[in-house]
Amino acid sequence: MAEQLKDVKRDIIVGIVECNKRGLMHCAKWLAELNHGLSETSVDLRDEPFQNMHTGIAANEYDDYILAKSYFDVQEYDRSAYFTRSCASPVPKFLHIYATYMSKEKKRLDNMTDSSVVSTTKHVKDFADLLTTLRTEHSQKQLDGYCLYLYGVILKKLDLNDMAIQVFVEAVNAEPTLWSAWIELAPLVTGKAMLHKLSLPKHWMKNIFIGYTYIELFLNDEGIRVFDQLQAKGFGKCVFIPTQLAIAFSNKRDVDRSIEIFQHLQDIDPYRLDNLDSYSNLLFVKDMKTEMSHLAHKVIEINKYSPETCCVVGNYYSIRADHYKAVMYFQRALKLNPRYLSAWTLMGHEFMEMKNTNAAIQSYRQAVEVNKRDFRAWYGLGQAYEILKMPFYSLHYYKAAQTLRPFDSRMLVALGETYEKLEKDHDAIKCYMKAYEVGDIEGMAMFSLAKLYEKQGETDKAIQAYMSFCSEENMVSDKASLCHAYLTLANYYDKHDDIDKAKHFAYKCLDYEDMKREAESLLKIIASKRIPTNQLPATDDASKSGKEGNPEQQPDSDTTEPFVDDMDMDETNVAPTTNVVDLVMNQEPPQESTDIPEMLRGGSTTTFLCEEQSKFIYDRIAIVEKHFGELCEAFAEYTRKVARVRDKADELAHATQDYCDAEKYNGTLATALSSLAKAVTLIGDFHDCRVKRLETRIVSELGQYETVCKQCKDGVKDALQARDKDLSKRKQLEQSKPRNSRGARRNANDTEMIKSTLEVEKSLKAIESFVERFEKQKLRDVKELLLNFVMIELKMHAQAVEVLSATYQDISDIDESKDLQGVHKELKRQNRCVAWEEDTII
């Protein structure tokens, strides 16, 4: 093993030298980091491979090469290409081609009219001459491994991917330590089968490439296995290996372990910026604001103008919900590197947060142009088109994301929801089932499946799905959905007289404030059903004894008391008790004792009143939905205006401070200007706090009311359907009521009538309580929102008045005469200097 590591280190050192000679600095840096990780392995630098560091450079071309290399290092690419134009030895020849390529690429980027566009159609024109030269020399087999790498880069840039793959494979076979060629080849590999078909060299670099490509293909377990083997073979201290492991664990959503590895890497190399954008993404996911703040300040101190730094700072502002500044830093990162994938994707997320769907789509499209395997960009495009209510587009992009992450339940659930919108229920069910089988990350697949089964009327399948959903309640983040599932199960088992299960799920609903009233009502209904089994036979016996004996005889107290006691368990059943007693005595219940509302007396009046009630309830919800939406938009626009005032305050403060710094002779004026600049800066800070409070306490709260209204509509719809069903049942009982018969049949019918009446009353009370709860919540929320708005404004203006009062005093203290004296003194001093100069001349 030690001898193998020595051979590896010899290859690395030779590769570093060769890359440095050719100006391939990123490849040399990567190899140097790998070499440092093998520092415990020593090699003799006097060995033959290290004797001549100038191989590949002809003696008569050495002076031209040294000059051209110095120009290349300071980015004077045209001069570098000019002085090596006639060179034929391998190193100067590569430097000439590389300098020509870099010159054209730099000019192309500088001349782009729109810096936000990654892909343009001018590549062919820009690189036509270079491509022709390389193609000719390639056909004549005159290109070494390094020139083959450049040829592959140009082919890839022109989207000639099949030819590029072939050329990159030739390059890595010729120069196995040329990591730049390996890393350009990795994105072109579309799958595991294709990876194993490539004719790669039998070299130790092949294992690193395979592990890296596995992680790029999201085959994380295979990638982790490869890198674990490399660590065991002695590469454990090479920072590239644990970095790839951290990315793999992040892809597997093992966020804690990934963060632990990144923190270890920070301890080893505290000034390393590579992959810190991935680290900041993990901190964002875990909502670790303190660690994110420390990281942002640290990277600014290291290199303020690095793309990685801008990306970390953008994530820092994003976690603080300052989306405008986050976008600004992501745009700054893209100006430094237009092909920086993380910045495009994260900027798309920020535009989605800002409700700027068109800009988000543009950002996601650019991310896909940079790397077509970025599933986050495909998924973001699907979400954007879903917001735009374009489900066919959304379906296309969700399919692309799911192809890249076939075992990610989030992609499958999104696909299922889109199929459901397109009324392709069979495909939606398949997606939900597969999402559950592969491991539901968000725990919502079974809930969506249950809702779909409910819509199809397959109640038994829906209940099974709800049971599966509730069995993993610890994984579910959406507690409102969990509560809905509990209540649905409780109602189902209540209708099927499974009292114990109904009671179990109803009690679970008591933990959720939104459904607490409904759960309490359901528990009362369940309690009322706990009637002794001898109730109905006792009633029949009493009726028979009434026929045979004296009709005026009172019933036996032992027969009626259990029924009356059990009915008293539910407050809504107290009134009808007298009717049951009359029935037991075989008497007609008096009309005035049956407490039936006017609405329940059947006929067209009932239908009209039901429609009126339904219309009233839906109108109330619609009014709230409409006006709360308008309020949300108005407050959001107000917040944006305040944000603009905040930005203008910063400009005013800078202008005032500049004037203060320039004013040298009017001392009191300078003091007043300085005071005003500080006051305006403070007021800008007050406005910043004001914006954040308006966003969090007003706009976001109002924005949630669309969901509240939707849930209320669904709940009212279910309650109204239950009411209509109960009314229909009671109407049927009234129509089938025997008019002239007495005895058991009449008693049974009247008993069913009373039960139906109670069910209708309970339905009406459920609707009333539902609407009352909605109105109470609305009133409470409106009151809280308005009070918050007034308090935010009062606090800001009170602070502003305090600051401006002191500033007003400072401005009042401007002393015109004193400031004029300062100017006069300077004028006199200059006059004396002029007079002294004239005397000297004379």
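I start with accessibility: buried means under 20% relative accessible area, exposed over 50%, and partly exposed in between, with a 1.4 Å probe and protein chains only. I am working on a predicted model, in which local features need pLDDT of at least 70 and side-chain atom pairs count only at pLDDT 80 or more, while totals for chains, interfaces and linings use all residues. Residues are numbered from 1 along each chain as its sequence is written, and side-chain values use heavy atoms, with hydrogens and water left out.

**Entry: salt bridges**

I took a salt bridge to be a side-chain nitrogen of Lys or Arg within 4 Å of a carboxyl oxygen of Asp or Glu. My search of the whole structure gave 33 salt bridges.

I looked at D73 and K69, whose side chains form a salt bridge at 2.9 Å, N to O. Both lie in helix α3 (residues 62-73), four residues apart, about one turn of the helix. For helices I used DSSP runs (H or I, at least four residues), numbered from the N terminus. Which accessibility class does D73 fall into? D73 has a relative accessible area of 43%, so I noted it as partly exposed. K69 has 11%, so K69 goes down as buried.

Next I checked E18 and K21, which meet in a salt bridge at 3.0 Å, N to O. They are about one helical turn apart, because three residues separate them in helix α1 (residues 2-22). I found both E18 and K21 buried.

**Entry: positive phi**

A reminder to myself: most residues other than glycine have a negative phi. I found that K355, not a glycine, has a positive phi of about 65°. K355 sits in the loop between α19 (341-353) and α20 (357-370). Its relative accessibility is 71%, so I count K355 as exposed.

E423 also turned up, with a positive phi near 60° in a residue other than glycine. I located E423 in the loop between α23 (409-421) and α24 (425-438). E423 is exposed, because its relative accessibility is 69%.

**Entry: T243**

Is T243 buried or exposed? At 1% relative accessibility, T243 counts as buried. I placed T243 in helix α13 (residues 240-251). For its partners I used contact in the sense of heavy atoms within 4.5 Å. Setting aside neighbours within four places in sequence, I listed L265, R272 and N275 as contacts of T243.

**Entry: α25 against α27**

How do α25 and α27 pack? I noted an angle of about 45° between helix α25 (residues 445-456) and helix α27 (residues 479-495), with their axes 11 Å apart. The axes are lines fitted to C-alpha atoms over the stretch in contact, and angles run from 0 to 180 degrees between N-to-C directions. I therefore logged α25 and α27 as oblique to each other; angles under 35 degrees count as roughly parallel, over 145 as roughly antiparallel, 65 to 115 as roughly perpendicular and the rest as oblique. On the contact itself, F447, K451 and E454 of α25 meet S481, H484 and T488 of α27.

Key
Helix = DSSP H or I, 4+ residues; strand = E, 2+ residues; numbered from the N terminus.
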